[in-house]
Amino acid sequence: MTAAPPAAPAVGPPVPELDPALVARRQAQGAELVDLLREARDRLGGVAAVRLGPRPTVLVTDPGAVQQVLALHPDRYVKRSHRARLLVGDGVLSATGEAWQRQRKLLQGQFTGAGMRRYEQRIAAAARTAAARWAAYARTGEEFDLGDEMRRFALDTIWRSLTGHALDADTARELAAVGAVMTALPTLPADGTASAAVAAELARIDAVAHRAVAAARGGAAGPDGPGLLHVLVEAGEERPEYTDRLIRDELVTLLVAGHETTATTLTWLYLLLDRHPEARVRALAAGPDGSPERRQAVRALVHETLRLYPSAWILPRHAAADGLVGGYAVPAGTDLLVCPYLTHRDPGLWPDPEHFDPMRFVTPGRRPGLQGSYLPFGIGPRACLGLQFALREAVALLEHLLPAPAPRFRSAPAGAVYGITVRPDGPAPVTLS
């Protein structure tokens with residue numbers, strides 16, 4: 001049999017590049033990455049090159065091009081690692097190739113259909129616990145930080161889902177190290193070497209993971225039965241690749257993905273509602289408590305928040321082979337940045353894109369119909385496994401808290417920090433009137 005001839009190289013014009021002198025000048029003036037990417041998109045369109053290092057990096061914000069990179073050709077535009085690898089190790093978030101396929105297959109059933117129903121009671125219990133705390137804050141007038149409170153709820157939710165147990169105060173204190181490491185990651189050296197302070201925080205996380213795995217191996221299921229951690233421990237008994245280290249990495253990955261992004265989304269949502277109180281009024285007026293109309297309106301609040309502040313604001317990829325993206329030639333070896341944050345703020349897709357308007361997700365015809373125009377959790381085979389989990393926990397909490405007294409901010413963060421996630425750039429102290 002004659003061997004097939006090698007594929008012909010993709011032919012197309014080069015990706016237009018933002019003037020390197022302009023980039024250097026803007027960097028000298030202190031411009032952040034998001035500012036350079038926005039300038040490239042505004043000047044050159046939805047596929048543009050920016051020289052962030054010795055070679056141009058291709059920015060992708062056009063919905064069709066996003067589809068090509070993430071959904072249609074994931075084997076050509078690959079994920080090489082993850083910026084949080086120091087924290088999550090070889091968990092499903094950073095794994096690649098066959099290892100990633102095995103790990104995702106094991107976990108996927110836990111976040112869809114019957115698997116999700118298994119965790120709904122745990123999500124609801126965490127929401128009731130948070131609502132009871134808010135009722136106490138309202139009675140006493142105690143001031144608290146909104147971001148800390150949202151992290152406490154989201155961490156309780158994922159901990160119940162992992163272990164079957166409610167989050168206790170000691171574990172919550174130790175797992176504050178997760179947020180500390182996430183904040184420090186963008187400041188670490190390019191080789192990912194941990195500072196002494198970060199290494200100490202990682203040791204705290206490892207100790208919590210070790211105790212939780214040992215308890216799961218001892219059969220310590222919670223009141224609602226075994227959790228996700230028990231699935232991982234059982235995999236370790238049957239599959240040699242699920243070593244103690246990989247079980248630890250998957251546990252920490254689920255902790256990170258299961259609470260940091262949700263907590264940040266809920267914090268942004270309340271900051272937006274403080275600026276747009278009519279959106280809260282409209283959601284509560286959509287229907288009685290527990291009705292499908294109320295739930296749809298609450299989901300719209302979450303979706304519009306995710307449009308403005310997507311969980312994954314930037315998705316790095318690497319071209320493993322020559323290809324065409326948006327009609328432009330992208331040679332093998334090129335780094336690409338898919339940027340949901342800028343796609344979601346494209347005025348050609350979303351009219352008045354900087355305005356918080358949840359009605360986009362309720363009124364027919366208000367959203368762009370193009371696939372790839374809305375991707376707060378990514379799209380394609382590497383889209384976030386926990387999409388439905390995150391939406392359900394956010395909606396469950398808001399169904400309890402929206403009818404309660406609205407937070408009154410003593411001060412509010414003025415901007416955003418663009419790290420692993422997009423988070424508010426300061427504390428958010430509030431009281432409940």
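This is a predicted model: local features need pLDDT of at least 70, side-chain atom pairs count only at pLDDT 80 or more; totals for chains, interfaces and linings use all residues.
Is Glu399 buried or exposed?

**Stop 1: Glu399**

Glu399 sits in helix H15, which spans residues 387–401. Glu399 is buried, because its relative accessible area is 16% and the cut-off for buried is under 20%. The side chains of Glu399 and Arg295 are joined by a polar contact of 2.8 Å. Setting aside residues up to four places away in sequence, Glu399 touches Asp289 and Arg295.

**Stop 2: helices H10 and H11**

Select residues 228–238 for helix H10 and residues 244–275 for helix H11. How do the two helices run relative to each other? Their axes come within 10 Å and cross at roughly 160 degrees. Over 145 degrees counts as roughly antiparallel, so H10 and H11 are roughly antiparallel to each other. The crossing of H10 past H11 is right-handed.

Show the side chains at this contact. From H10, pick Leu228, Leu229, Leu232, Val233 and Gly236. From H11, pick Ile247, Glu250, Leu251 and Leu254.

**Stop 3: helix H9 against H10**

Which residues meet here? On the H9 side, select Ala212, Val213, Ala216 and Arg217. On the H10 side, select Leu229, His230 and Val233. Leu229 and Val233 were also picked at the previous stop, where they belong to the H10 side of the contact with H11.

**Stop 4: Ala235**

Stay in H10 and select Ala235, which is found in that helix. Ala235 is buried, with a relative accessible area of 3%. Draw a distance from its C-alpha atom to that of Ile247. The two residues are twelve apart along the chain, and the C-alpha atoms of Ala235 and Ile247 are separated by 8.9 Å. Next, show Leu106 and Tyr242. Ala235 touches both Leu106 and Tyr242, with residues up to four places away in sequence not counted.

**Stop 5: Ala428**

What lies on either side of its loop? Strand S11 (422–424) is on one side and strand S12 (429–432) on the other, with Ala428 in the loop between them. Ala428 counts as buried, at 2% relative accessibility.

Ala428 and Asp145 are 283 residues apart in sequence, yet 5.3 Å apart in space, C-alpha to C-alpha. Asp145 is also one of the contacts of Ala428 once neighbours within four places in sequence are left aside.

**Stop 6: the cysteines**

How many disulfides does the model have? The count is zero, where the rule asks for a pair of cysteine sulfur atoms within 2.5 Å. For Cys339, the nearest cysteine sulfur is that of Cys384, 17 Å away. For Cys384, the nearest cysteine sulfur is that of Cys339, 17 Å away.

Colour the pair by accessibility. Cys339 is buried, with a relative accessible area of 0%. Cys384 counts as partly exposed, at 32% relative accessibility.

Notes:
Residues are numbered from 1 along each chain as its sequence is written. Side-chain values use heavy atoms; hydrogens and water are left out. Buried means under 20% relative accessible area, exposed over 50%, partly exposed in between (1.4 Å probe, protein chains only). Helices (H or I, at least four residues) and strands (E, at least two) are DSSP runs, numbered from the N terminus. A polar contact is a pair of N or O atoms within 3.5 Å; within protein, one must be able to donate a hydrogen and the other to accept it, and residues adjacent in sequence count only if both atoms are side-chain atoms. Contact means heavy atoms within 4.5 Å. Axes are lines fitted to C-alpha atoms, for helices over the stretch in contact, and angles run from 0 to 180 degrees between N-to-C directions. Angles under 35 degrees count as roughly parallel, over 145 as roughly antiparallel, 65 to 115 as roughly perpendicular and the rest as oblique. A crossing is left-handed if the near helix is turned anticlockwise from the far one by less than a right angle, and right-handed if clockwise.
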